[in-house]
Structure formats: C-alpha cells, structure tokens
Amino acid sequence: MNDRKMHPESLMMSYGYKPELSEGAVKCPIFQTSTFVFKSAEEGKAFFEVAYGLREKREKEELGLIYSRLNNPDLQILEERLCLWDEAEECAVFESGMSAISTALLEFLSPGDVLLFSNPLYGGTDHFIKQTLTRFGIEVMGFYPWEQDQLPELVAASGKADRIRMIYVETPTYMGPLWQHPLKLGADLVLYSATKYIGGHSDVIAGACLGSHELIARVKGMRTFLGCMAGPWTGWLLLRSLETLKARMDIQAEGGPCVLPGSIGCGPRQGHLRRAMPGRRCHALLHGEGWRGRSLPLPQPFEAGEARGEPRKH
Ligand SMILES: Cc1ncc(COP(=O)(O)O)c(C=O)c1O
C-alpha cells in the first residue's frame, strides 16, 4: 500500500493534511483567522522576508504562516490537492474564477503587449479583456475556431506578432480537471472557475490557476497585492467538494447523454469523452494535440442539426 501510487480521487481525503497539527481532527478544520502568531519578532521578520521576496528560503528552513491574505492552511491544502488532477507543480486559489483570470492576465501583460484570445469567451472575461485591459494600453486580438488553420497568417498580417505576450484559449468549463489537462497539451497555465464542477454544490464561488512554480509564484505575488485569494471558508468548502469530484463528474457524464437530444458526431481523438460516456457518440471538443506554434485546441461550436446527429458541414 505504502509504495503504491494512489489516484487523485483517493488522495482527496487526506493529502497535504497533518492531523497532529490540528488536535488530531480527522478532517482539516476551518482556519477562520486573519493572522497567525509568531514565536518571536525575529521569526515573524524571517517569514515576511521570504513572503515578500526579499530573500530565498534557506535550506531546511521551516516557514510558518503569516496572514491569511498570503497563506492559510485551508488554501494551501486545497492548492496541493488541486495540483494532483493536472499534475501541476503549483496552484493559486481565488475567491472567483474571474479573479483567477483577471489576476493572471494582469500579472503577465504590460502596456504595449498584445493578447490573442479565442472567441467566443465567457461574458465576464470578454468584458475584462475588451473593456478593462485596453484601458491600460494592452492590445487585444480575437480569433474564431474556424480561423485556426489560418492563424499564423492572420497574426503575421496584423503586424503584431512580435508583441503577442499571451494566448488565452477558453474551453468548456465542464471538462476539467478530470477529462482535460491543458498543461499536458503545452499550455503554461490552466485557469478554472471552481464554481462549476470543482465546487459542485452551488454554494461557493471560487477560481484556481495552475502551472509551474515559477509562473504561479508570480500569480501569487499579484494575488497578494490585489487581495483576491480565496477565504478559509471557501477553501474548506472546496476541500469538501474535492472528496466527491470524481464520483460526481463520472455520474454526471453518465447521465449527460440522457438529456442530450440524440447522439452526436464524434471525432477520432475524443477518447476522454467517449470513456466518460460509454456507448455514446460524442461531440468533438478538442482537436489538435499541441498548441505551441501550430495547432490550437479549440472548442468547436455546435452546428444547427448536429445535436440531432446530422453530419458537420465542414
Ligand atoms: C468559461 C468561464 N470562465 C469564467 C467564468 C467566471 O467564473 P466565476 O463565476 O467563478 O467568477 C465562468 C463562469 O460561468 C465561465 O463559465
């Protein structure tokens, strides 16, 4: 058992939590506290130096908790557990999907940069990109799924290719973190509205951003100063939700075809969905194995008639 690699769904009950630090409580308590106590002023100073990037953590140095805008046990354990599904190095959790998206975009974009984004986008993201980022001198350029083959030419013709700093691709919210792993497809960051399947109980709004240590350290830096981290109660609710994530998503996938108005055409690479919906033909959600440089994994919109099982026109 000890040397057996456990699946994320098994680890959702215990991973990252040490009961001995919480009076032996079998479940992680809610650490509803703003501030943490230091053993001495010197210890507090040492924690702050690392938190604010004034020095690197020393080898074997144990860093304690400071203030819940920077870190909190419910958030840290949640972040460690979310990493397991996407096999990400690090995660930052937020009080909403929108705050995860806006914080990541603000951290990596500067005036003069160009953001390339897929259309159509969720309304909040669309507004933030077109109305807010542009007020700060960031140029934005949208593209549609049917343009993906011509994208390199379109970008070259725009004369903005050398200023493209980020590419934002939105895929259906309901695929992650079980059936779609953008980091494995070459994305640098994956962003979630955890309000949806991750939360799963319609009682919490939350978001998450996952990626490498280096990139998430930057995202967490911006999160600290915007103050949009998830609160302890949100963190605890999501820990509760993660315990049943796999079971909920599997059952919902099984039930999905029952509410679809007929079988739907399926491309050759939709193994995940086909496994999730055994015996059913399913919609082509992702195509293209990698998106760095050439092909982008884009959601293909439903076409009229497709839901009734008629073939796609192109
Ligand atoms: C694709 C997508 N992006 C972002 C969001 C925003 O997430 P939240 O409502 O958690 O802020 C949503 C919510 O519906 C969404 O579907």
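How many helices and strands does the secondary structure of the protein comprise? The points below answer this and then take up the sheets and the ligand.

1. Overall make-up. The model under discussion is a predicted one. Its secondary structure comes to 10 helices and 6 strands. Of the 314 residues in the protein, 31% are buried. Among contacts with a separation of 6 or more, 68% are between residues 24 or more positions apart.

2. The antiparallel sheet. Three of the strands should be read in the order E1-E6-E5: they form an open sheet of 3 strands with antiparallel pairing. Strand E1 (90–94) and strand E5 (189–193) stand at the edges, and each has a single partner strand, so one side of each lacks a neighbour in the sheet. From one strand to the next, the twist of this sheet averages 15 degrees.

3. Pairing within the antiparallel sheet. Strand E6 (residues 207–211) is joined to E5 over 5 bridges, in the antiparallel sense. The student may locate this pairing through Tyr 192, which stands opposite Ala 208 in E6.

4. A helix across the sheet. Helix H3 (residues 73–86) lies across E1, E5 and E6. Relative to E1, helix H3 runs at about 125 degrees.

5. The parallel sheet. A further open sheet has 3 strands in the order E3-E2-E4, and here the pairing is parallel. Its edges are strand E3 (139–143) and strand E4 (164–168); each has a single partner strand, and therefore one side of each is left without a neighbour in the sheet. The twist averages 20 degrees from one strand to the next.

6. Pairing within the parallel sheet. Strand E2 (residues 114–118) and E4 run parallel and are joined by 4 bridges. For a specific example, Phe 117 has Tyr 168 in E4 as its bridge partner.

7. Surroundings of the ligand. Which residues are closest to the ligand? Of the 13 residues that surround the ligand, the closest are Ser 96, Gly 97, Tyr 122, Ser 193 and Thr 195.

8. Elements that supply the shell. Helix H4 (97–108) and helix H5 (123–132) each contribute at least two residues to the shell around the ligand. The largest share, 3 residues, comes from H4. When examining the ligand in the structure, the reader may begin with Gly 97, one of the closest residues.

Methods. Residues numbered from 1 in each chain as written. Predicted model: local features only at pLDDT ≥ 70, side-chain atom pairs only at ≥ 80, totals over all residues. Near = placed C-beta within 6 Å. Pairing = 2+ DSSP bridges. Axes fitted to C-alpha atoms, helices over the stretch in contact; angles between N-to-C directions. Contact = placed C-beta atoms within 7 Å. Buried ≥ 20, exposed ≤ 12 C-beta atoms within 10 Å, placed from the backbone.
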